[in-house]
Amino acid sequence: MGEASQQPDHGRSSLDTMNHTVQTFFTPAGTDRPPNYELLKEEHEVATLGAPHNPAPPTSTVIHIQSETSVPDHVVWSLFNTLFMNSCCLGFIAFAYSMKSRDRKMVGDLTRAQAYTSTAKCLNIWALILGIVMTILLIIIPILILQAYQ
């Protein structure tokens with residue numbers, strides 16, 4: 001026969017032995033009541049996992065790692081404002097700041113790139129607003145002049 005038949009088989013695993021020990025410990029002697037299995041299961045889990053050493057909730061530390069932060073440089077918007085809505089040269093200045101932002105981003109100085117981007121965005125907004133206002137005024141003023149002479 002094989003090796004299994006050479007070793008004595010007690011018919012119980014270590015888990016069965018632990019359950020039997022816990023059961024005999026918590027079953028009062030001389031009573032005919034069955035053991036409280038919920039209590040036995042809980043005690044078995046405590047025996048297996050171990051009791052908690054510290055009742056305080058565990059603390060955790062969160063570390064944020066910035067991975068390839070995207071900083072928009074607004075170059076296309078600045079170029080559009082430079083070519084079409086360059087009122088008070090704001091589009092050209094915004095384009096210069098956009099190029100500075102792109103350069104800083106290439107070097108890896110994201111803080112400075114973000115500052116240049118913010119300035120370029122603000123200048124682009126003002127260039128666009130002034131450009132639209134000036135375009136509307138260039139359309140409305142000649143119409144008002146023509147109506148005045150008729």
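1. A residue is called buried here when its relative accessible area is under 20%, exposed when that area is over 50%, and partly exposed in between. On this basis, 17% of the 150 residues of the protein count as buried. The model is a predicted one.

2. Regarding overall composition, the secondary structure comprises six helices and zero strands. Read from the N terminus, the elements follow the order α-α-α-α-α-α. The accessible surface of the protein amounts to about 12400 Å², and carbon and sulfur atoms contribute 63% of this surface.

3. Helix 5 (residues 90–107) and helix 6 (residues 110–149) deserve attention as a pair. Their axes come within 8 Å and cross at roughly 160°. Angles over 145 degrees count as roughly antiparallel, and helix 5 and helix 6 are therefore roughly antiparallel to each other. Their crossing is left-handed. On the side of helix 5, the contact includes Leu90, Ile93, Tyr97 and Arg104, while helix 6 contributes residues including Leu110, Tyr116, Leu123, Trp126 and Leu130. Sorted by class, this contact has 12 nonpolar, six polar and four charged residues.

4. The axes of helix 4 and helix 5 come within 8 Å and cross at roughly 160°, which makes helix 4 roughly antiparallel to helix 5. The crossing of these two helices is left-handed. Val75, Ser78, Leu79, Asn81 and Thr82 of helix 4 meet Gly91, Phe92, Ala94, Phe95, Ser98, Met99 and Arg102 of helix 5. The classes represented are six nonpolar, five polar and one charged residues.

5. The crossing of helix 4 and helix 6 is left-handed. The residues in contact are Trp77, Ser78, Phe80 and Asn81 of helix 4, together with Lys121, Asn124, Ile125, Ala127 and Leu128 of helix 6. By class, this contact has five nonpolar, three polar and one charged residues.

6. Is histidine 74 buried or exposed? Its relative accessibility is 19%, so histidine 74 counts as buried. Apart from neighbours within four places in sequence, the residues in contact with histidine 74 are Ser98, Thr117, Lys121 and Asn124. Of these, Ser98 also takes part in the contact of helix 5 with helix 6, and Asn124 takes part in that of helix 4 with helix 6. The phi angle of histidine 74 is near 60°, a positive value in a residue other than glycine.

7. Phi of cysteine 89 is positive, at about 60°, although the residue is not a glycine. With a relative accessibility of 43%, cysteine 89 counts as partly exposed.

Definitions and conventions: Residues numbered from 1 in each chain as written. Predicted model: local features only at pLDDT ≥ 70, side-chain atom pairs only at ≥ 80, totals over all residues. Heavy atoms only, no water. Axes fitted to C-alpha atoms, helices over the stretch in contact; angles between N-to-C directions. Helix = DSSP H or I, 4+ residues; strand = E, 2+ residues; numbered from the N terminus. Parallel < 35°, antiparallel > 145°, perpendicular 65-115°, else oblique. Left-handed = near helix turned anticlockwise from the far one by under 90°. Contact = heavy atoms within 4.5 Å. Nonpolar A, V, L, I, M, F, W, Y, C, P; charged D, E, K, R; others polar. Buried < 20%, exposed > 50% of the residue type's maximum accessible area, 1.4 Å probe, protein only. Areas by Shrake-Rupley, 256 points an atom, 1.4 Å probe, with all protein chains shown as cover.
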